[in-house]
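Have a look at the sequence and the 3D view before reading on.

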Amino acid sequence: MIERPLYLDKIMPFVDTPFVKILTGVRRCGKSTILKIIIKKIKEEKNVDDEQILNYCFNSVMK
């Protein structure tokens, strides 16, 4: 994974706020990668357990 310190510096101050955070962007721009980096950082710095992190995938194929 490529570290994105600029994005992380902008996102991390809002982690403990009650607002919903939404990562948007074109396909394959790294939204999921940034989310994984944020999760990793939260686990390390704030001692959050895996059970406290919810990650849903809403990709579905309609037939």
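This is a predicted model: local features need pLDDT of at least 70, side-chain atom pairs count only at pLDDT 80 or more; totals for chains, interfaces and linings use all residues.

You'll find Asn47 in the segment after α2. Its phi is near 50°, a positive value in a residue other than glycine. What makes that worth a second look? Most residues other than glycine have a negative phi.

## The overall layout

How many helices and strands does the protein have? The count is 2 helices and 0 strands. Taken along the principal axes, the C-alpha atoms fill a box of roughly 45 × 30 × 25 Å. Of the 63 residues in the protein, 11% are buried.

Now think about who touches whom. Take the contacts with a separation of 6 or more: residues 24 or more positions apart account for 53% of them. Gly30 is found in the loop between α1 and α2, and it is partly exposed, with a relative accessible area of 23%.

## The nonpolar core

Which residues make up the largest nonpolar core? There are 6 of them: Leu8, Met12, Ile34, Ile37, Ile38 and Ile42. Helix α2 gives the most to this core, with 4 residues.

Zoom in on Ile34, one of the core residues. Leaving out residues up to four places away in sequence, Ile34 touches Arg4, Tyr7, Ile11 and Leu23.

## The largest pocket

Next, the empty space. Rolling a probe the size of a water molecule over the atoms shows where such space is left. The largest pocket has a volume of about 1100 Å³. The elements that give two or more residues to its lining are α1 (5-11) and α2 (31-46).

The lining has 29 residues, and the ones nearest the pocket centre are Lys21, Leu23, Lys31, Leu35 and Asn55. Which helix gives the most to this lining? That's α2, with 7 residues. Sort the lining residues by type and you get 18 nonpolar, 5 polar and 6 charged. Leu23 turns up here near the pocket centre, and Leu23 is also among the residues that Ile34 touches.

## Three salt bridges

Side chains of opposite charge can pair when their charged atoms come close. How many salt bridges does a search of the whole structure find? It finds 3. One of them joins Lys46 and Asp16, with the closest N and O atoms 3.1 Å apart. This pair links distant parts of the chain: Lys46 is in helix α2 and Asp16 is in the loop between α1 and α2, 30 residues apart. Asp16 is exposed, at 61% relative accessible area, whereas Lys46 is partly exposed, at 39%.

Another bridge is formed by the side chains of Glu45 and Lys41, at 3.7 Å from N to O. Both residues are in helix α2, and because they are 4 residues apart, about one helical turn separates them. Glu45 counts as exposed at 53% relative accessibility, while Lys41 is partly exposed at 27%.

Lys43 and Asp50 also meet through their side chains in a salt bridge, with an N to O distance of 2.5 Å.

Terms used. Residues are numbered from 1 along each chain as its sequence is written. Side-chain values use heavy atoms; hydrogens and water are left out. On a 1 Å grid over the protein atoms alone, a cavity is a set of points where a 1.4 Å probe fits but cannot get out, and a pocket is an open set with protein on both sides within 12 Å along at least five of seven lines; lining residues have an atom within 4 Å of a point. Grid points are joined across faces, edges and corners, and a volume is the space filled by probe spheres set on the points. Ala, Val, Leu, Ile, Met, Phe, Trp, Tyr, Cys and Pro count as nonpolar, Asp, Glu, Lys and Arg as charged, and the others, Gly among them, as polar. A nonpolar core is a set of buried Ala, Val, Leu, Ile, Met, Phe, Trp, Tyr and Cys residues joined through side-chain atoms within 4.5 Å. Buried means under 20% relative accessible area, exposed over 50%, partly exposed in between (1.4 Å probe, protein chains only). Contact means heavy atoms within 4.5 Å. A salt bridge is a side-chain nitrogen of Lys or Arg within 4 Å of a carboxyl oxygen of Asp or Glu.
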